[in-house]
Amino acid sequence: MPNLEKLVIIPTYNEKDNIESIINAVFELQQDYHVLVIDDGSPDGTAAIVKGMIVQNAERLFLEERRGKAGLGTAYIHGFRWALNKGYRFIFEMDADFSHNPKDLERLYSVCKQGAGMAVGSRYVKGGAVENWPWDRILLSKGASLYTRLITWMPVKDPTAGFVCYRREVLETMNFSGIRFVGYAFQIEMKFAVWKLDFLIAEVPITFIDRKFGDSKMNKGIVKEGILGVLKLRWLSMFKNYRSNVKNYPADVSASFSKQEVVLERK
């Protein structure tokens, strides 16, 4: 592979209406992004669409297929391990449904390139916004963010955000076996782990747009995991050495970044 700088990981389950368009949108940026789709046995043929696209994009589009729905968190961790094994320097999380604008990838990349360990596409910093959400969904999301910050003391205004860029060093430093949550709480725990490992977290304002095609994956079980997961994270950090549990000791490279919050306003 000629360029192993930037990899976008897109987990999918029944995303046939979106997957081709989102992949093309990333490639149309012409910024040398590679895409890894991790499909959890979508019965709608999502993986088959990706396979058809690989024929013309063999050096920049990749597919990992798994049997059945094993959870968002395990899909991303599968992708992280794949990316580290291949040698990518910057690894992104992005949804398939265009709720995350591919044009914002370069803004996240720029922040990590400048030194942040993790860049978060944030709805709840100055300049961030949501579009086409009903009021109850906005209330739930903002309430979850406030609840998470109050319980964990984590200085991230959008802890549930799923549009993220990591520096390679961050993921190398992390013991993925220590990450406990696989659903809604996974995004919270990853930011909590990065914070506890003393990496710099930067929040970049984005506009989050609700999906137009396909069904939302949100359900009561995911919300429940988030509520209980936050309490568990706080408990573990108070009475057990959480940092020790999520630190990959053979790759101790976290000292080069300081723990602080950086909020970058949209220009």
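Let's start with Asn14, which sits in the loop between β1 (6-12) and α1 (19-27). Helices here are DSSP runs of H or I, at least four residues, and strands are runs of E, at least two, numbered from the N terminus.

A word on the basis. This is a predicted model, where local features need pLDDT of at least 70, side-chain atom pairs count only at pLDDT 80 or more, and totals for chains, interfaces and linings use all residues. Residues are numbered from 1 along each chain as its sequence is written, and side-chain values use heavy atoms, leaving out hydrogens and water.

Back to Asn14. Its phi is near 55°, positive in a residue other than glycine. Most residues other than glycine have a negative phi. Asn14 is partly exposed, because its relative accessibility is 28%; buried is under 20% relative accessible area, exposed over 50%, partly exposed in between (1.4 Å probe, protein chains only).

Next, Asp32. Asp32 is not a glycine, yet its phi is positive, about 60°. Asp32 lies in the loop between α1 and β2 (33-39).

Now α1 itself. Which residues of α1 are buried? Ile19, Ile22, Ile23, Ala25, Val26 and Phe27. Their cover includes β1, β2, α2 (46-54), β3 (61-65) and α4 (105-113). Contact there means heavy atoms within 4.5 Å.

Last stop, helix α8 (residues 220-239), where we find Leu228. Leu228 is partly exposed, at a relative accessible area of 47%.
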